[in-house]
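The entries follow the order in which I looked things up.

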Amino acid sequence: MEKTIRALIADDERYSRDELKHLLEEFPAIQVVGEAESGEAAVMKAIQLQPDVVFLDVEMPKMNGMEAAQSLHELKKVPLIIFATAYPQFAAEAFRYEATDYLLKPYDEDQLEQTIRRVEKLIGAKKENDIGKPAGKLAVEEDGEILYLEPKEILYIGRDEKVSRIITRTGEHETKTPLKDLESRLLPFSFFRIHKSYLVNLDYVTRLTPWFNGAYQLEMEGREELLSVSRNYVKALRVRLEL
């Protein structure tokens with residue numbers, strides 16, 4: 001049975017929402033569960049509806065698509081984000097928010113199909129991991145080679161600009177793979193997102209210290225640097241950590 005992927009469409013133009021909704025009907029796995037006419041409404045509906053993927057227009061009133069993407073990354077369940085806009089100049093900025101793809105209007109049906117296949121692959125991998133599919137090693141391309149890292153050897157992963165830094169017990173590695181993708185691959189293991197820029201191995205957490213405004217700082221075994229824990233993740237983090 002094909003897995004259902006819950007989608008939310010955010011666009012201030014009703015015609016654009018209707019057009020994208022119509023095009024998405026061609027993909028049996030996609031179920032449009034909601035629509036929003038602004039970035040602010042998109043965030044509220046994402047909280048209510050828990051979509052797997054959000055199609056975001058960039059130019060919207062009150063809160064634009066980029067601002068909405070930033071807010072979506074603060075949610076406990078972060079959906080995949082696909083920007084859908086008539087403006088190509090925002091593409092570079094969009095991928096700073098770990099966008100899964102960037103669609104241009106008018107929609108190219110072939111490009112949309114490629115995007116949906118990518119979403120299906122990402123969501124499918126996540127759901128398979130959710131039910132405990134056995135996983136192997138994490139593959140990282142570095143200096144023309146592919147390194148295979150044991151998840152249990154990874155302390156944490158930090159995202160800086162377009163690079164993900166993987167900190168292990170014995171060294172550091174860099175990859176362009178987005179943090180969201182790495183998070184999906186590491187779901188079967190004891191990794192937890194503590195911030196939009198950090199994914200940590202809970203086995204190596206040694207201390208959690210209150211910082212300010214509800215946020216915390218986290219210490220990892222054998223490391224001197226302190227990692228920021230967003231206040232939105234604190235409660236769930238403590239649930240995972242504590243007996």
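Entry 1: terms and model. I count two strands as paired if DSSP finds at least two bridges between them. Helices (H or I, at least four residues) and strands (E, at least two) are DSSP runs, numbered from the N terminus. I note that this is a predicted model, in which local features need pLDDT of at least 70 and side-chain atom pairs count only at pLDDT 80 or more, while totals for chains, interfaces and linings use all residues. Residues are numbered from 1 along each chain as its sequence is written, and side-chain values use heavy atoms, with hydrogens and water left out.

Entry 2: the hairpin of β6 and β7. I looked up β6 (residues 138–142) and β7 (residues 145–149), and found them paired in the antiparallel sense over five bridges. Ala-139 has Tyr-148 of β7 as its bridge partner. Two residues lie between the strands of this hairpin, and Asp-143 takes a positive phi near 55° there.

Entry 3: the parallel sheet. I then asked in what order the strands of the open sheet with parallel pairing are arranged. Its five strands run in the order β2-β1-β3-β4-β5. The edges are held by β2 (30–36) and β5 (101–104), each with a single partner strand, so one side of each has no neighbour in the sheet. From one strand to the next, the twist averages 25°; for such angles, axes are lines fitted to C-alpha atoms, for helices over the stretch in contact, and angles run from 0 to 180 degrees between N-to-C directions. Helix α1 (residues 14–24) packs on this sheet and touches β1 (5–10), β2 and β3 (53–56); contact means heavy atoms within 4.5 Å. The direction of α1 makes about 170° with that of β2.

Entry 4: β4 and β5. Four bridges pair β4 (residues 80–85) with β5 in the parallel sense. Thr-85 has Leu-104 in β5 as its bridge partner. I also looked for aromatic pairs, taking rings of Phe, Tyr and Trp (its six-membered ring) as paired if their centres lie within 6.5 Å, with planes under 30 degrees apart counted as stacked, over 60 as edge-to-face and the rest as tilted. By this rule I record four aromatic pairs. The ring centres of Phe-83 and Tyr-102 are 6.3 Å apart and the planes stand at 40°, so this pair is tilted. Phe-83 belongs to β4 and Tyr-102 to β5, so the pair ties together parts 19 residues apart in sequence.

Entry 5: the cis bond. I found a cis peptide bond between Lys-105 and Pro-106, with omega about -10°. Pro-106 is placed in the loop between β5 and α5 (109–130). For reference, most residues other than glycine have a negative phi, and most peptide bonds are trans.

Entry 6: helices α2 and α3. At what angle do helix α2 and helix α3 pack? Helix α2 (residues 39–49) and helix α3 (residues 65–72) pack at about 25°, with their axes 8 Å apart. That makes α2 roughly parallel to α3, since angles under 35 degrees count as roughly parallel, over 145 as roughly antiparallel, 65 to 115 as roughly perpendicular and the rest as oblique. The contact is made by Gly-39, Val-43 and Ala-46 of α2 with Ala-68, Ser-71 and Leu-72 of α3.

Entry 7: the antiparallel sheet. I recorded a further open sheet of five strands, with antiparallel pairing and the order β10-β9-β8-β12-β11. Its edge strands are β10 (172–175) and β11 (191–195), each pairing on one side only. Neighbouring strands are turned by 20° against each other on average, direction ignored. Strand β9 (residues 163–168) pairs with β10 in the antiparallel sense over four bridges, and Arg-165 has Glu-174 in β10 as its bridge partner. Three bridges join β8 to β12 (residues 198–201) in antiparallel fashion, with Gly-158 partnered by Tyr-198 in β12.

Entry 8: turns of that sheet. β11 and β12 form a hairpin with two residues between them, and four bridges join these antiparallel strands. His-195 stands opposite Tyr-198 in β12. Glu-161 is not a glycine, yet I found a positive phi of about 55° for Glu-161. Glu-161 is in the loop between β8 (154–160) and β9.
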